[in-house]
Amino acid sequence: MNKICPRCRTVYSYSIGQCPNQCSSKAKLEDNRVYDRCQRDNKEFYSSKDWKRMREICKGKFSGLCLWSLYKHNKIKRGLIAHHIVPLSEDLNKGLKLSNLVYVSDEAHREIHKLYESEQQETIQLIRKFIEVWDIEHGRGI
């Protein structure tokens, strides 16, 4: 059985699951770019050179892996987002502190923000625990 991609009209098998041209991934990236440009709070901060540099440092610290997926779900996933553990809306001064950043996947980022709605402090403690374990395992800890 075949399926047609609504974006590029490529015909592909249902067994593949998604368009081989990665149309859904490209669409998600474009949606994120539009969000960043038009709706995101702290636009100036997220477009600054300092933030872009810190985001890359965070990515390097965690080897590009999603720490949440690794320790919470025991899965190895590629990270995409440097997440502020304490949100910028609560403390802008922690925005460029590596100790307030963790690298996560898009799915993990959504999961974390959902948890922040009902149990923010517990979630923050869990993230900090994951970072501590990571640091110990990679010779950066106590």
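**Close-up views of a predicted model**

**View 1. His-84, a buried histidine.** His-84 counts as buried because its relative accessibility is 5%, under the 20% cut-off. The model shown here is predicted. His-84 sits in strand β3. Which residues surround His-84, leaving aside neighbours within four places in sequence? They are Phe-45, Tyr-46, Trp-51, Lys-94, Gly-95, Asn-100, Leu-101 and Tyr-116.

**View 2. The largest nonpolar core.** This core holds 26 residues. Five of them touch the most other members: Phe-62, Trp-68, Val-102, Val-104 and Ile-127. Several elements give two or more residues each. The helices among them are α2 (43-46), α3 (49-61), α4 (67-72) and α5 (106-137). The strands are β3 (81-84) and β4 (101-104). Helix α5 gives the largest share, eight residues. In soluble globular proteins, nonpolar side chains tend to be buried together.

**View 3. Val-102 and its contacts.** Val-102 is one of the core residues that touch the most other members. Residues up to four places away in sequence are not counted here. Val-102 then touches Cys-58, Phe-62, Leu-67, Ile-81, Ala-82, His-83, Ile-85, Ile-127 and Ile-131. Two of these, Phe-62 and Ile-127, are also named among the core residues touching the most other members.

**View 4. Two loop residues with positive phi.** Most residues other than glycine have a negative phi. Ser-63 has a positive phi, about 55 degrees. Ser-63 is found in the loop between α3 and α4. Asn-74 also has a positive phi, near 55 degrees. Asn-74 lies in the loop between α4 and β3. Is Asn-74 buried or exposed? Asn-74 counts as exposed because its relative accessibility is 68%, over the 50% cut-off.

**View 5. The whole chain, for orientation.** The chain has five helices and four strands. From the N terminus on, the elements run β-β-α-α-α-α-β-β-α. Of the 142 residues in the chain, 33% are buried. The accessible surface comes to about 9,500 Å². Carbon and sulfur atoms account for 50% of that surface. Among contacts between residues at least 6 apart in sequence, 56% join residues at least 24 apart.

How values were computed:
Residues are numbered from 1 along each chain as its sequence is written. This is a predicted model: local features need pLDDT of at least 70, side-chain atom pairs count only at pLDDT 80 or more; totals for chains, interfaces and linings use all residues. Side-chain values use heavy atoms; hydrogens and water are left out. A nonpolar core is a set of buried Ala, Val, Leu, Ile, Met, Phe, Trp, Tyr and Cys residues joined through side-chain atoms within 4.5 Å. Buried means under 20% relative accessible area, exposed over 50%, partly exposed in between (1.4 Å probe, protein chains only). Contact means heavy atoms within 4.5 Å. Accessible areas come from the Shrake-Rupley method with a 1.4 Å probe; for residues, only the protein chains shown count as cover.
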